[in-house]
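Biologist: I would like to learn how to read a structure, feature by feature. Could we go through one together?

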Amino acid sequence: MTSQITIGHTTTGKAVEFDIEELLATRLLVQGNSGSGKSHLLRRLLEQSAGMVQQVVIDPEGDFPSLAEEFGHVVIDGSAYSPGEIEALARRIREHRASVVLDLDGLEVEQQIRCAAQFLTALFDAPREHWYPALVVVDEAQMFAPAAAGEMAEDTRRMTLSAMTNLMCRGRKRGLAGVVATQRLAKLAKNVAAEASNFLMGRTFLDIDMVRAADLLGMERRQAERIRELERGHFLALGPAITRLPLAVKIGAVKTGNAARSEGLMAMPETAPEDMADLLTRDLASDVAKAPPPPAPPLAPRLEEIEDSIAHAEERQVEPAALPVDTSSVASRIEEIIGELAGEEGIAFQSASAQYQTFLTRCRRERLIGPMPDMRAFRRRFAFAGAGLAELGEHLQARIMRLASGVEEDLLGPFLVIAKAAHAGETEVDEQELARAYGTSSPGRIRRLLDHLERQGLIVVREDFGGGRTVMVPGLEGVDAE
């Protein structure tokens, strides 16, 4: 097996190769300001080497789950597991040589840091017989190896610095090759940055970062200005795995990745200034008065309460959750836009916030002025449209939405898909449709989804010896599509 991949091309069109076997022994540091193309570079590296070596990606921004579709990476949602489960997953990843993406997008910043630190520590502490070679890619590394104490708790800072230092300083003998990417070298702990022997330096503007980058590349300080002039996607490369002399590289194309999140420039609303002022200030005091105080964090339920909750799940599902009907043209167009979004390819795999921002952008583009659904209302309408419940009768829609009133918002879409299929007499749910509604391509997440819904008493799952799976929804028996 060859260990060479093509990372990009020089200005003359000559291919620039990357030796993955050498990288495993010498590690890599990537630096560049936001928008310089760091994530694109990491994606190119991961795609080109996917068939050669195990890959573990620490992803704080949710940029890399799309690797799963094309290359079979397992996406691990960090917010779905306890600390103990995260550590157990890391041990199994080393044992079974699974390529994974640890998606931390659903966690708060300090929780992201603690989760990543525990995960990396468990990778590092794996038994000797599981020390297989693996690339460990850490995006936004300045979060996990800060040069100075910030707003995070001191125990969190010590934990994450220890994990990152072990990865970069002692990971090689355990088969772990660190690939760290940072926006600013000045914010990255020096003992982490110093262990890398390969460098890819992108555009940066601050003098302190340019000087450090020039020093690492072996360039004279008067040449540091060259780093400021780099275009997006262009990097200066140096290291035993790439080139022995500094070389300008344009990173090649990638197969995966989301389309640009911004939909570009759009016309500003033509509302008159006095009308805009009225829209902003009208009934402002009443909105403030209606705003509920933030809820206190819930206490962990006792085991007896969980068992009782599951046993009486159907009794709780009595509050109607019918969608409000508004016959105005603006409200009708809003519903149409939500339906169009729900039918678009790939939209279900975006985060809820990205879906909502896309929805608001489209409404502004069409200059729709009027009350917009908030995030929670949008997510429920989006799930309703994505499941195709509009095809059913009003009575059946209302019955299904009553059953769904106790379902968490992120699970509502798949539950409605299951309910619609159950009413149609389909005991075997289309797993592709279910995966699309849940926004995942992982069979494991689908299994955990069904297990969770069953524990909540919302569905009943039966598996036969042939591997088939029957899914039923209690409460839909004998309901006609009136």
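Biologist: Where is the place of Met168?

Modeller: Met168 sits in helix α7. One point before going on: this is a predicted model.

Biologist: Is Met168 buried or exposed, and on what grounds?

Modeller: A residue counts as buried when its relative accessible area is under 20%. Met168 has a value of 0%, so Met168 is buried.

Biologist: Which residues does Met168 touch, apart from those up to four places away in sequence?

Modeller: Met168 touches Arg27, Gly178, Val180, Val192, Glu195 and Ala196. There is also a C-alpha distance to look at: Met168 and Asn191 are 23 residues apart along the chain, and their C-alpha atoms are separated by 8.6 Å.

Biologist: Arg27 is on that contact list. Where does Arg27 lie?

Modeller: Arg27 belongs to the loop between α1 (20-26) and β3 (28-31). With a relative accessible area of 8%, Arg27 is buried.

Biologist: What can I read from the backbone angle phi?

Modeller: Start with the general idea: most residues other than glycine have a negative phi. In this model, Arg27 has a positive phi, near 65°, and is a residue other than glycine. Glu140 is not a glycine either, and its phi is positive at about 50°.

Biologist: Where is the place of Glu140, and is Glu140 buried or exposed?

Modeller: Glu140 is in the loop between β7 (134-138) and α6 (141-144). Its relative accessibility is 11%, so Glu140 counts as buried.

Biologist: Now helices in pairs. What describes two packed helices?

Modeller: The description uses the angle between their axes and the distance between the axes. Take helix α5 (residues 109-124) and helix α7 (residues 154-170): the angle is about 40° and the axes are 9 Å apart. That angle is why α5 is called oblique to α7. The crossing of these two helices, α5 and α7, is left-handed.

Biologist: Which residues of α5 meet which residues of α7?

Modeller: On the α5 side, the residues include Ile113, Ala117, Leu120 and Phe124, and on the α7 side they include Met159, Ala163, Met164 and Leu167. By class, the contact of α5 with α7 has 8 nonpolar, 5 polar and 4 charged residues.

Biologist: At what angle do the axes of α15 and α16 cross?

Modeller: Helix α15 (residues 329-343) and helix α16 (residues 352-365) have axes that cross at roughly 135° and come within 10 Å. That makes α15 oblique to α16. The crossing of α15 and α16 is right-handed.

Biologist: Which residues meet where α15 contacts α16?

Modeller: From α15 there are Ile334, Ile337, Ile338 and Leu341, and they meet Gln355, Thr358, Phe359, Arg362 and Cys363 of α16. The residues of this contact of α15 with α16 divide into 6 nonpolar, 2 polar and 1 charged.

Biologist: Back to loops. Where is Ser99, and what does its side chain reach?

Modeller: Ser99 is in the loop between α4 (83-96) and β6 (100-103). Its side chain reaches the backbone nitrogen of Gln55 at 3.0 Å. Ser99 has 18% relative accessibility, so Ser99 counts as buried. Leaving aside neighbours within four places in sequence, the contacts of Ser99 are Val53, Gln54, Gln55, Gly72, His73 and Val74.

Biologist: And Thr10: which loop holds Thr10, and with which residues is Thr10 in contact?

Modeller: Thr10 is in the loop between β1 (4-9) and β2 (15-19).

Biologist: How many helices and strands does the chain have, and what share of its residues count as buried?

Modeller: The chain has 21 helices and 13 strands. It has 482 residues, of which 45% count as buried. As for contacts with a separation of 6 or more, residues 24 or more positions apart account for 70% of them.

Key. Residues are numbered from 1 along each chain as its sequence is written. This is a predicted model: local features need pLDDT of at least 70, side-chain atom pairs count only at pLDDT 80 or more; totals for chains, interfaces and linings use all residues. Side-chain values use heavy atoms; hydrogens and water are left out. Helices (H or I, at least four residues) and strands (E, at least two) are DSSP runs, numbered from the N terminus. Buried means under 20% relative accessible area, exposed over 50%, partly exposed in between (1.4 Å probe, protein chains only). A polar contact is a pair of N or O atoms within 3.5 Å; within protein, one must be able to donate a hydrogen and the other to accept it, and residues adjacent in sequence count only if both atoms are side-chain atoms. Contact means heavy atoms within 4.5 Å. Axes are lines fitted to C-alpha atoms, for helices over the stretch in contact, and angles run from 0 to 180 degrees between N-to-C directions. Angles under 35 degrees count as roughly parallel, over 145 as roughly antiparallel, 65 to 115 as roughly perpendicular and the rest as oblique. A crossing is left-handed if the near helix is turned anticlockwise from the far one by less than a right angle, and right-handed if clockwise. Ala, Val, Leu, Ile, Met, Phe, Trp, Tyr, Cys and Pro count as nonpolar, Asp, Glu, Lys and Arg as charged, and the others, Gly among them, as polar.
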